[in-house]
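Trainee: I would like to learn how to read a structure step by step, beginning with the idea of a contact. Could you show me the model and take me through it?

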Amino acid sequence: MAPVDDPCRWHPKCQMSVSEVVEDIGFGKAQLLMVVTGGAVFFNRGVQMCLMSILTIPIAADLRLTTTQQGLLSTVLFFGMTLGTLASGWNGDGVGRRFPVVVSSIATIVIGCLSAACTSYRWLFFARLCLGFAVALGDVPVTALLSEVTPKQWRIPVRAAAEGIFDVGYTYAAFLASCGDPYLIELDWQRLMVVTCIPGGILGLSAAAFLPESPVWLASRGDRAEALGIFEGLRRLNGKPPRSIELEVPEPAKAQADQSELAGALGVVFGPRHLLTTCILAYVGFVLNVFYYGGMYAQPQVMTQGRGLAPGWEMVLGGPFDLIGIAVATVLAQAAPRKTVLMFTIAAAAVSISCFGYAGSLPRRTPLLEVVYQVGFFGFYWVPAMGFIVFGQLAVESYPTLVATTGGSVVFGMGRFGAMTAPLLFEGMRDVSGQWELFTYFTSVLCAMGIVLLGWKPGAQALDARKPARSV
């Protein structure tokens, strides 16, 4: 029997908006399939971020690199990711969500394996640039795709599951490295680059074979027939009976059909309605990435002192703390305004990196200081896991469908810029002062500024909403 609020209850063929169709299809196997296949992007990024962190010292020793060259190898990876993120905006809105996701999934594996063949700094530098571009090309499109095909109440859990796949990739790479050398010094970095690509390659081929296009994006472009065909396939996967539907395309979407053009899309993202939201999200993304990737770069270089485990196994054990952050984010983001969750996350980041910098800089640590150090160290896992879930979901929900990946790519791109500058900031502060912990205190100040910005009244009005800022 049809529910009372069923819009098709009295009509053999009725009109429904795309958001109503998504809610009617519900959550099930269709969304799980898309999380797994689209998750190739997240898995590959987790692997490459871990390798960026743990292979800095082995590569430097093998190729006899200076500290500046070490920092540049990480920076150029993030520069490539910045370019890939910005390119993903136009690709995701112009040619669809699926294409950049599949290209990213496969290209990351190919370039990652080719990087292992590089025997000089120049070739490795170029390979890192290309690798960063490939890693980031599918990030925003897959985030938008998963959000668009998921019912509203399931969007945060789906986003959390995607971040969980990132953690699986990160932990997998850390585990393989730790089996080779738990102190991450004498590693066969070329072999590790190849072996860690195997699962990602399988996922990438699965994405090419099974990942569908976003029917919401297709409908917003006016391709109703193709959108209905994909919706029907999702309905079958979720075990729902077939239904005769005519899609409604809202008038605003028709009037803004030119938004898929880059200039028009940027005009919306930086227009009066969305400018403040864009600026706030861009700064938050910058801070979260400086905290996370700066911490990742610092860990293997400063973790050898004190009473803790070998650095490699500490990184492996960080995986469960990622899951804690994911669980906390899933609960909080469902119960509290997302702006509030972001403020909590940035405050936790400030405390965490300060603890890591203070206790980690001491030549010897008492049991109490070891606890302080571990609080800071494991904060690099659960804090960003929580922050990136809410930030990523909000980034694609804050803009209309036709410019969702363009808007997301702008704020994600600013985050990539933060990731790109973090290694250079770390090395620069260490070279000038001889004290690497200055980087951690500087980052905590950036976090404090982020909290002030989010608490600013106009900013709060722009972001403080439980419901998405756009409708699909």
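Mentor: Let us begin with the term itself: contact means heavy atoms within 4.5 Å. This is a predicted model, in which local features need pLDDT of at least 70 and side-chain atom pairs count only at pLDDT 80 or more, while totals for chains, interfaces and linings use all residues. Residues are numbered from 1 along each chain as its sequence is written, and side-chain values use heavy atoms, with hydrogens and water left out.

Trainee: Which residues is Ile59 in contact with, leaving aside its neighbours within four places in sequence?

Mentor: With those neighbours set aside, Ile59 is in contact with Arg64, Leu65, Leu73, Leu124, Arg128, Trp189 and Met193. For the chain, if we take the contacts with a separation of 6 or more, 85% of them are between residues 24 or more positions apart.

Trainee: What share of the residues in the chain is buried?

Mentor: A residue is called buried under 20% relative accessible area, exposed over 50%, and partly exposed in between, using a 1.4 Å probe and protein chains only. By that rule, buried residues make up 60% of the 472 residues in the chain.

Trainee: How many helices and strands does the chain have?

Mentor: Helices (H or I, at least four residues) and strands (E, at least two) are DSSP runs, numbered from the N terminus. In this chain, they come to 21 helices and two strands. Helix H7, which covers residues 139-148, is mostly covered, with 10 of its 10 residues buried; among them are Asp139, Pro141, Leu145 and Glu148.

Trainee: Is Phe133 buried, partly exposed or exposed, and which residues does Phe133 touch?

Mentor: Phe133 is found in helix H6 (residues 121-137), and Phe133 counts as partly exposed because its relative accessible area is 33%. Beyond its neighbours within four places in sequence, Phe133 is in contact with Gly80, Met81, Leu83, Gly84 and Ala87. You may compare this with Leu218 in helix H11 (residues 215-220), which is buried because its relative accessible area is 3%. Not counting residues up to four places away in sequence, Leu218 touches Glu213, Asp223, Glu226, Ala227 and Ile230.

Trainee: How should I read the packing of two helices, and what is the angle between H1 and H12?

Mentor: Two packed helices are described by the angle between their axes and the distance between the axes. Axes are lines fitted to C-alpha atoms, for helices over the stretch in contact, and angles run from 0 to 180 degrees between N-to-C directions. Helix H1 (residues 18-25) and helix H12 (residues 224-237) pack at an angle of about 20°, with their axes 10 Å apart. H1 is therefore roughly parallel to H12, given that angles under 35 degrees count as roughly parallel, over 145 as roughly antiparallel, 65 to 115 as roughly perpendicular and the rest as oblique. On the H1 side the contact is made by Val18, Val21, Val22, Asp24 and Ile25, and on the H12 side by Phe231, Leu234 and Arg235. These residues divide into six nonpolar, no polar and two charged, where Ala, Val, Leu, Ile, Met, Phe, Trp, Tyr, Cys and Pro count as nonpolar, Asp, Glu, Lys and Arg as charged, and the others, Gly among them, as polar.

Trainee: At what angle do H17 and H20 pack?

Mentor: Helix H17 (residues 338-360) and helix H20 (residues 437-455) pack at about 165°, with their axes 8 Å apart, so H17 is roughly antiparallel to H20. The residues that make the contact include Ala350, Ile353 and Ser354 of H17 and Ser444 of H20, and by class they divide into 14 nonpolar, six polar and two charged. Ser444 itself is buried, because its relative accessible area is 15%. Leaving out residues up to four places away in sequence, Ser444 touches Ala350, Ile353 and Ser354.
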